[in-house]
Amino acid sequence: MDFGGGDEIRFERLGKAGVVTLTRPKALNAITHDMVKALGRALDAWEEDTGVGVVVVKAEGRAFSAGGDILHIYEAGRAGEPPVDFFADEYRLNARIARFQKPYIALIDGIVMGGGVGISFHGSHRVLTENAQFAMPEVGIGFFPDVGASHLLPDLGGSFGMYLGLTGNRIRYGDALWSGLATHAIKAQAQAGLLDELATSSDPSAELRNFSVPAKRETEQQDLDSIARHFSQSSLADIIASLDEAAAGDAFAARTLATIKTRSPTSLHVAWREISAGSTLSMDECMKMEFRILNRMLAGHDFYEGIRAAIIEKGSKPEWRPAGLHEVRTADIDAYFAPLGDKELVL
């Protein structure tokens with residue numbers, strides 16, 4: 001089945017299942033423009049095909065997908081040609097997956113971050129193994145939680161989504177299941193057996209129930225209580241103040257505050273506002289909002305500085321501009337969310 005994407009993504013029919021496999025294991029299955037376009041074409045074909053009852057997305061290697069192809073985005077942006085078209089197609093695909101009319105099952109075994117989240121967590125079923133790790137770490141590279149994070153994160157109870165967005169911290173499958181990010185947990189060794197059953201079954205939900213295993217949440221109750229208390233505050237400044245006040249007697253609050261203080265101040269302000277706004281927006285509205293932010297991020301400073309520090313000169317300390325949370329002006333953040341006129345994202 002050739003929907004394009006070259007040797008980066010594979011499409012197969014297995015009985016009633018349309019199976020998508022990400023095939024860039026050496027690049028931790030980072031998402032490229034060709035992969036985005038090919039997956040979009042496959043979904044168009046399979047939604048119409050009455051022989052396809054379910055779509056399954058999986059990956060080769062030790063990561064499901066560690067995100068977008070950041071280095072390519074960095075180099076194109078530095079050359080004065082930021083890849084806005086890639087993001088437009090990626091965001092359209094994220095919205096397309098959320099609207100997809102058939103069961104869409106992501107089998108996540110390993111790291112899933114950024115762009116990898118975008119092609120997996122908007123589907124109907126998110127199945128994580130004991131090897132899975134989820135994160136939206138964008139604030140650490142001067143970017144923002146995108147690919148529909150503004151739709152995904154506000155839905156998590158106990159302000160857990162705001163916590164994930166503002167820290168970029170990783171969670172495992174128990175926390176993902178408890179928070180509602182994952183719909184099912186299975187054992188890694190059961191993946192092939194599950195795929196075989198999905199290929200012949202007319203009830204994918206029943207098969208998933210049969211293969212599901214319990215997974216204990218990894219974050220302690222007292223830390224969940226701490227997250228709910230601090231991250232439900234009515235502004236970013238109030239979240240910081242709340243953590244600061246608790247830090248002396250609460251090691252978790254102290255650690256969390258220390259993490260946040262290493263992140264881009266601009267990214268934190270943008271992330272707080274988009275996650276807050278996303279709670280009352282549809283998926284399509286979220287993607288349009290994120291596309292507005294994206295255009296401004298690609299024209300800004302911190303994203304390129306974050307990539308330089310993380311990838312180009314590994315381990316160096318990013319010099320954020322502005323450098324402090326209190327130096328970020330409301331008007332500057334407003335500008336990230338302003339309409340794009342005739343350049344708005346068309347879905």
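Predicted model: local features only at pLDDT ≥ 70, side-chain atom pairs only at ≥ 80, totals over all residues.

**Entry 1: the sheet.** In which order do the four strands of the open sheet run? I read S4-S6-S8-S9, with mixed pairing. Strands S4 (63-65) and S9 (171-172) are the edges, since each of them pairs on one side only.

I then looked at one of the pairings. S4 and strand S6 (residues 111-113) run parallel and are joined by two bridges. For Ala 63, I found Ile 111 as the bridge partner in S6. As a reminder to myself, strands of a sheet pair through backbone hydrogen bonds, either parallel or antiparallel.

**Entry 2: helix H13.** I checked the length of this helix, residues 265-278, against what its 14 residues should give. At 1.5 Å a residue the span should be 20 Å, and the end C-alpha atoms are 20 Å apart, so the two agree.

How many of the 14 residues of H13 are buried? I got ten, so I wrote the helix down as mostly covered, taking under 20% relative accessible area as buried. Among the buried ones are Leu 268, Val 270, Trp 272 and Ile 275, and Glu 274 is on the list too.

**Entry 3: the aromatic rings.** With ring centres within 6.5 Å as the cut-off, I have 17 aromatic pairs. I followed two of them.

Phe 87 counts as buried at 3% relative accessibility, and Phe 143 counts as buried at 4%.

Next I went from Phe 143 to Phe 303. Their ring centres lie 4.8 Å apart with planes at 40 degrees, so this pair is tilted. Phe 303 is in helix H15 (residues 302-312), and the pair links parts of the chain 160 residues apart. Phe 303 is buried, with a relative accessible area of 1%.

Which cluster do these rings belong to? I found one aromatic cluster that includes Phe 87, Phe 143 and Phe 303, along with Tyr 74, Tyr 91 and Phe 291 among others.

Terms used. Residues numbered from 1 in each chain as written. Heavy atoms only, no water. Phe/Tyr/Trp six-rings, centres within 6.5 Å; stacked < 30°, edge-to-face > 60°. Buried < 20%, exposed > 50% of the residue type's maximum accessible area, 1.4 Å probe, protein only. Pairing = 2+ DSSP bridges. Expected span 1.5 Å × (residues − 1).
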